[in-house]
Amino acid sequence: MASKRGKQTVRDMFLSMAVISAAAGVVYIFVPHDENANPVKAVDYRVELLTARRAAPYPVVAPDGLTEKWKPTSVSYDRKAGNSWHLGFLDPEGKYVAVEQSTSPAKKYVTEVSQDARNTGRTKQVAGETWQHWEGSKYDALVRHDKGSTTVVTGSASPDRLAEMAAALKAS
């Protein structure tokens, strides 16, 4: 009797697995899914921008006039971490671009947010403003020092896309 019960248990286990697999297959077939869809969701940063502009001791910038092909992906403001403002985007080619501002000590802050980029000693004129050009193995950056704060446009995007973002930045 014991050996018959052991065979039934194994057979029941295989039948159960077949039923579960069939149910999973039906769910997979009938639940819509798009393998080509971009899994990154756009964020609405307007509320955080208004909050940061009220709280920060410097003029907080955000882009104005970029095409809808630029997708905002992340936003934060941290008063305790040097009044740090962060706004992340994917550019039209899907490369990352971030706008970073802070009252933290500039050299350490820029190195941190640009993933260890280094100052090249060169500058770039963007929309009438002079930006320092930093280069790194992961990210490049455009850096501008203002009264009491540092603004960094950094990311894996091309230098032209970084400049496009820098040109679009407005304080209000």
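A polar contact here is a pair of N or O atoms within 3.5 Å; within protein, one must be able to donate a hydrogen and the other to accept it, and residues adjacent in sequence count only if both atoms are side-chain atoms.

Ground rules. This is a predicted model, where local features need pLDDT of at least 70, side-chain atom pairs count only at pLDDT 80 or more, and totals for chains, interfaces and linings use all residues. Residues are numbered from 1 along each chain as its sequence is written, and side-chain values use heavy atoms, with hydrogens and water left out.

Confidence next. pLDDT is the predictor's confidence in each residue, from 0 to 100. The protein chain has a mean of 90, and 91% of its residues reach 70 or more. Helices (H or I, at least four residues) and strands (E, at least two) are DSSP runs, numbered from the N terminus.

Start with S4. Gln-101 is found there. Is Gln-101 buried or exposed? Buried, at 1% relative accessibility. The cut-offs: buried is under 20% relative accessible area, exposed over 50%, partly exposed in between, with a 1.4 Å probe and protein chains only. A polar atom of the Gln-101 side chain lies 3.2 Å from the backbone oxygen of Pro-59. Beyond four places in sequence, Gln-101 is in contact (heavy atoms within 4.5 Å) with residues including Tyr-58, Trp-85, Tyr-109 and Thr-150.

Tyr-109 takes us to H3. The buried residues of this helix are Tyr-109, Val-110, Thr-111 and Val-113. What covers them includes strand S3 (84–90), S4, S5, strand S6 (129–135), strand S7 (140–146) and strand S8 (149–155).

Now the loop between helix H3 (106–113) and strand S5 (118–126), where Gln-115 is found. Gln-115 has a positive phi of about 55 degrees, although it is not a glycine. Gln-115 is partly exposed, at 33% relative accessible area. Asp-116 is in that loop too. Asp-116 is not a glycine either, yet has a positive phi of about 70 degrees. At 51% relative accessibility, Asp-116 counts as exposed.

Last, H1. Phe-14 sits in this helix. Phe-14 counts as exposed, at 55% relative accessibility. With Val-10, Met-13, Met-17 and Ile-20, Phe-14 forms a nonpolar surface patch of about 530 Å² accessible area together. An α-helix has 3.6 residues a turn, so residues three or four places apart point the same way. Accessible areas come from the Shrake-Rupley method with a 1.4 Å probe; for residues, only the protein chains shown count as cover.

Methods
Patch = residues over 30% accessible without salt bridge, like charges linked within 9 Å, V, L, I, M, F, W, Y side chains within 5 Å. Salt bridge = Lys/Arg side-chain N within 4 Å of Asp/Glu carboxyl O.
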